[in-house]
Amino acid sequence: MSEMRLQRYLARAGVASRRKAEPLIVAGRVCVNGVPATELGSKVDPDRDTVTVDGREVRLDEQENAYVMLYKPRGYESAMSGPGRRPYAGELVPTDRYPGLFHVGRLDWDTTGLLLFTTDGEVGHALTHPSHEVDKHYVALVRGVPSRRELDALRRGLTIDKDVAAPAEGAVLDADDPVCRPVIPEGLPYGCSVVGLTIHEGKKHEVKRLLDAIGHKVVRLHRDQFGPLVLSGVAPGAWRDLTPDEVRAVQEAAR
């Protein structure tokens with residue numbers, strides 16, 4: 001096997017995405033043949049070099065990477081673990097079965113829906129990089145009913161607090177459509193509507209900020225699609241392995 005950058009090696013080994021591996025390297029936590037490798041451009045030969053993180057050897061997994069779909073329930077932080085008051089999505093996925101599993105992107109604690117986990121650092125990094133413009137579809141219960149003019153403003157792109165948001169595709173949905181059930185389990189509240197919104201970026205609170213910018217506060221938010229994946233075959237709080245076709249689609253999207 002030819003030499004590769006240390007960040008890529010750590011991603012391939014399931015330690016972290018390439019982006020998240022960089023702080024580990026800079027902090028001196030990664031050693032190659034017993035010597036701290038603090039240069040981000042360092043290269044390693046997987047066949048000859050021994051790589052450790054915090055003294056623990058890490059190797060390229062000869063087995064296939066894991067890909068897991070979680071239906072994140074409301075109230076869970078999109079992280080593997082931490083000291084916070086709320087529970088973490090990482091507690092709901094099989095980290096014992098798939099060591100190195102991490103979440104791809106994130107959802108707000110009060111947002112439900114599809115959250116992808118994988119041990120494939122390269123795919124995870126690619127799917128969250130802005131240059132790939134991976135589509136994400138959300139269903140939002142909002143106050144009021146967005147007009148055609150307001151939805152057109154989303155399609156053209158908005159400037160929010162001096163931050164330019166990429167164009168987003170939005171539409172008012174029929175409340176009887178099954179895709180709306182996660183945000184209106186007890187029916188459509190008076191004075192509200194359900195909006196479907198497709199975005200390409202992953203900025204913090206982006207959907208909420210976009211809809212608030214056109215005058216419609218988000219009451220509940222749910223993600224039912226992430227790239228080629230559609231949330232299906234899994235109950236709230238549960239997970240499942242991706243099918244072979246889904247894995248191929250995710251890998252293709254990452255390219």
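Visitor: How many salt bridges does the count come to?
Guide: This is a predicted model, where local features need pLDDT of at least 70 and side-chain atom pairs count only at pLDDT 80 or more, while totals for chains, interfaces and linings use all residues. Residues are numbered from 1 along each chain as its sequence is written, and side-chain values use heavy atoms, with hydrogens and water left out. A salt bridge here is a side-chain nitrogen of Lys or Arg within 4 Å of a carboxyl oxygen of Asp or Glu. By this rule, the count is twelve.

Visitor: How far apart are the closest N and O atoms of Asp 152 and Arg 155?
Guide: Both residues belong to helix α4 (residues 148-156), and because they are three residues apart there, about one helical turn separates them. Helices are DSSP runs of H or I with at least four residues, strands are runs of E with at least two, and both are numbered from the N terminus. Asp 152 and Arg 155 form a salt bridge, with their closest N and O atoms at 2.6 Å.

Visitor: Which residue is linked with Asp 108 and Asp 110 in a network of salt bridges?
Guide: Side chains of opposite charge can pair when their charged atoms come close. Here, Asp 108 and Asp 110 are in a network of salt bridges, and the residue linked with them is Lys 208.

Visitor: How many residues of strand β7 are buried?
Guide: In a regular strand the side chains alternate between the two faces of the sheet. In β7, Tyr 67, Met 69 and Tyr 71 point one way, and Val 68, Leu 70 and Lys 72 point the other way. The strand (residues 67-72) is largely enclosed by the rest of the structure, because its buried residues number six of the six.

Visitor: Which residue in β17 is the bridge partner of Val 68?
Guide: Two strands pair if DSSP finds at least two bridges between them. β7 pairs in the antiparallel sense with strand β9 (residues 111-118) over six bridges, where Tyr 71 is opposite Leu 114. β7 also pairs in the antiparallel sense with strand β17 (residues 239-241), over three bridges. There, the partner of Val 68 is Asp 241.

Visitor: Which are the edge strands of the open sheet of four strands?
Guide: The order of this sheet is β3-β2-β5-β6, with antiparallel pairing. Each edge strand pairs on one side only, and these strands are β3 and β6.

Visitor: What is the phi of Asn 33?
Guide: Most residues other than glycine have a negative phi. Asn 33 lies in the loop between β2 (30-32) and β3 (35-36), and is partly exposed at 45% relative accessibility. Although Asn 33 is not a glycine, its phi is positive, about 55°.

Visitor: Where is His 205, which also has a positive phi?
Guide: His 205 is not a glycine, and its phi is about 55°. His 205 counts as partly exposed, at 35% relative accessibility. Its place is in the loop between β14 (192-199) and α5 (206-213).

Methods:
Buried < 20%, exposed > 50% of the residue type's maximum accessible area, 1.4 Å probe, protein only.
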